[in-house]
Amino acid sequence: INLDSARPNALSFLCIGQRSPTVSQVDFGGGCYLWLDFSRRVYVFPFMTSSTGTFSLNGSLNSDPSVVGFSLGVMFAVAGNPGQPPLGLDFSNLLMMTIGQ
């Protein structure tokens, strides 16, 4: 997972969870949506962007057959100006991933 062209040296969050149903997406206006379903478990991992505004995470999942076909949503939130809506954060689009074999 890579984040490019973000604010340099910014507090940021990697959010992983399930996609929100269409009817309950949070619309912050200006085409900015919160796509994850926060009524379910969402994992939030804080990090700092690099001096060039990038972040990269490599990893793998174990080979547990019970997770095959499970869908995850991944999005980033990068801190901006405290008075800047929404919540002083810039949100990425949602990346949907389905675990395969």
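Where is the place of serine 5? Serine 5 sits in the loop between strand E1 (2–3) and E2.

## The model and its numbering

This is a predicted model, in which local features need pLDDT of at least 70 and side-chain atom pairs count only at pLDDT 80 or more, while totals for chains, interfaces and linings use all residues. Residues are numbered from 1 along each chain as its sequence is written, and side-chain values use heavy atoms, with hydrogens and water left out.

## Overall layout

The protein has nine strands and zero helices. Its pattern along the sequence is β-β-β-β-β-β-β-β-β. Helices (H or I, at least four residues) and strands (E, at least two) are DSSP runs, numbered from the N terminus.

Of the 101 residues, 33% count as buried. Buried means under 20% relative accessible area, exposed means over 50%, and partly exposed is in between (1.4 Å probe, protein chains only). Contact means heavy atoms within 4.5 Å. Among contacts between residues at least 6 apart in sequence, 69% join residues at least 24 apart.

Most residues other than glycine have a negative phi. Serine 5 is not a glycine, yet has a positive phi of about 60 degrees. Serine 5 counts as exposed because its relative accessibility is 74%.

Asparagine 9 also lies in the loop between E1 and E2. Its phi is positive too, near 50 degrees. With 51% relative accessibility, asparagine 9 counts as exposed.

## Aromatic pairs

The whole structure holds three aromatic pairs. Rings of Phe, Tyr and Trp (its six-membered ring) pair if their centres lie within 6.5 Å; planes under 30 degrees apart count as stacked, over 60 as edge-to-face and the rest as tilted. One of the pairs joins phenylalanine 47 and phenylalanine 55, which are stacked at 3.7 Å centre to centre, with 20 degrees between the planes. Phenylalanine 47 has a relative accessible area of 10% and is therefore buried. Phenylalanine 55, at 19%, is buried.

Phenylalanine 55 also pairs edge-to-face with phenylalanine 76, at 6.3 Å centre to centre and 80 degrees between the planes. This pair links distant parts of the chain, since phenylalanine 55 is in strand E6 (residues 55–56) and phenylalanine 76 is in strand E7 (residues 71–79), 21 residues apart. Both phenylalanine 55 and phenylalanine 76 are buried. Ring pairs link Phe47, Phe55 and Phe76 into a cluster.

## Nonpolar cores

In soluble globular proteins, nonpolar side chains tend to be buried together. A nonpolar core is a set of buried Ala, Val, Leu, Ile, Met, Phe, Trp, Tyr and Cys residues joined through side-chain atoms within 4.5 Å. The largest one here has 12 residues, including Leu14, Ile16, Phe47, Phe55, Val74 and Phe76. E2 and E7 are the elements that give two or more residues to this core. E7 provides the largest share, four residues.

Leaving aside neighbours within four places in sequence, valine 74 is in contact with Ile1, Leu14, Cys15, Ile16, Asn93, Leu94, Leu95 and Met97.

## Leucine 11 and methionine 48

Leucine 11 is in strand E2. It counts as partly exposed because its relative accessibility is 39%. Beyond neighbours within four places in sequence, leucine 11 is in contact with Phe47, Met48, Ala77, Val78 and Ala79. The C-alpha atoms of leucine 11 and alanine 77 are separated by 8.8 Å, although these residues are 66 residues apart along the chain.

Methionine 48 belongs to strand E5. Its relative accessible area is 49%, so methionine 48 is partly exposed. With neighbours within four places in sequence left aside, methionine 48 is in contact with Asn9, Ala10 and Leu11.

## The second largest pocket

On a 1 Å grid over the protein atoms alone, a pocket is an open set of points where a 1.4 Å probe fits, with protein on both sides within 12 Å along at least five of seven lines; lining residues have an atom within 4 Å of a point. The second largest pocket is lined by Ile16, Gly17, Gln18, Arg40, Arg41, Tyr43, Phe45, Phe70 and Leu72. Strand E2 (11–17) and strand E5 (43–48) each supply at least two of the lining residues.
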